[in-house]
Amino acid sequence: MGRASGESRRRLKSFRELDAEFTTNSKRKEMLEALIQKAMRGNIRAFEIYRDTVGLKPKENVEISGELANPFAGLTDAELKKLAGMDG
């Protein structure tokens with residue numbers, strides 16, 4: 001996973017470099033205006049992209065419930081040390 005995510009970051013960086021090299025601020029403004037127009041015409045995906053880009057993406061709430069069982073709860077210190085290979 002580490003290697004793949006590092007490569008992904010390198011690709012993202014190179015895309016940003018290409019964007020910086022070939023896209024002017026006026027082109028970026030035109031793209032933003034087009035995105036806004038699509039969102040205003042009801043394009044939900046355009047709205048979501050705009051919302052997320054300007055930092056208004058809502059936080060996702062994940063609720064986790066349940067109990068975790070400790071399989072070692074009933075063992076003595078001596079038994080735990082033996083399992084860990086520290087018995088002597």
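Mentor: The place of Arg-45 is in helix H3, a helix being a DSSP run of H or I with at least four residues, numbered from the N terminus. The model is a predicted one, in which local features need pLDDT of at least 70 and side-chain atom pairs count only at pLDDT 80 or more, while totals for chains, interfaces and linings use all residues. Residues are numbered from 1 along each chain as its sequence is written, and side-chain values use heavy atoms, with hydrogens and water left out.

Arg-45 counts as exposed because its relative accessibility is 51% (buried means under 20% relative accessible area, exposed over 50%, and partly exposed in between, with a 1.4 Å probe and protein chains only). The side chain of Arg-45 meets that of Glu-48 in a salt bridge, at 3.5 Å from N to O (a side-chain nitrogen of Lys or Arg within 4 Å of a carboxyl oxygen of Asp or Glu). Both partners lie in helix H3, 3 residues apart, which is about one turn of the helix. Glu-48 has 27% relative accessibility, so Glu-48 is classed as partly exposed.

Helix H3, which spans 44-53, also holds Arg-51. Arg-51 forms a salt bridge with Asp-52, where the closest N and O atoms are 2.8 Å apart. Asp-52 is partly exposed because its relative accessible area is 29%. If neighbours within four places in sequence are left aside, Arg-51 is in contact with Leu-56, Lys-57 and Pro-58 (contact means heavy atoms within 4.5 Å). Arg-51 and Ile-36 are 15 residues apart along the chain, and 10.0 Å separates their C-alpha atoms.

A search of the whole structure finds 3 salt bridges. Besides the two described above, Asp-19 forms a salt bridge with Arg-28, with 2.9 Å between the closest N and O atoms. Asp-19 counts as partly exposed because its relative accessibility is 25%. Arg-28 has a relative accessible area of 29% and is therefore partly exposed.

Asp-19 and Arg-28 lead on to the largest pocket, whose lining consists of Asp-19, Arg-28, Met-31, Leu-32, Leu-35, Ile-49 and Thr-53. On a 1 Å grid over the protein atoms alone, a pocket is an open set of points where a 1.4 Å probe fits, with protein on both sides within 12 Å along at least five of seven lines, and lining residues have an atom within 4 Å of a point. About 220 Å³ of space lies in this pocket. H2 gives the most to its lining, with 4 residues, and H2 and H3 each supply at least two.

Thr-23 sits in the loop between helix H1 (2-22) and helix H2 (25-40). Thr-23 counts as buried because its relative accessibility is 16%. Apart from neighbours within four places in sequence, Thr-23 is in contact with Leu-18, Arg-28 and Met-31; Arg-28 and Met-31 are also among the residues lining the largest pocket. Leu-18 lies in helix H1. With a relative accessible area of 45%, Leu-18 is therefore partly exposed.

Two separations lead to another part of the chain. The C-alpha atoms of Arg-45 and Phe-72, which are 27 residues apart along the chain, are separated by 49 Å. For Leu-18 and Gly-74, 56 residues apart along the chain, the C-alpha separation is 60 Å.

Phe-72 belongs to a nonpolar surface patch of about 350 Å², made together with Leu-75, Leu-80 and Leu-83. Patch residues have over 30% relative accessible area and no salt bridge, with nonpolar side chains joined within 5 Å and like charges within 9 Å. Leu-75 lies in the loop between helix H3 (44-53) and helix H4 (77-83). Leu-75 counts as partly exposed because its relative accessibility is 31%.

Note on methods
Areas by Shrake-Rupley, 256 points an atom, 1.4 Å probe, with all protein chains shown as cover. Points joined across faces, edges and corners; volume = space filled by probe spheres on them.
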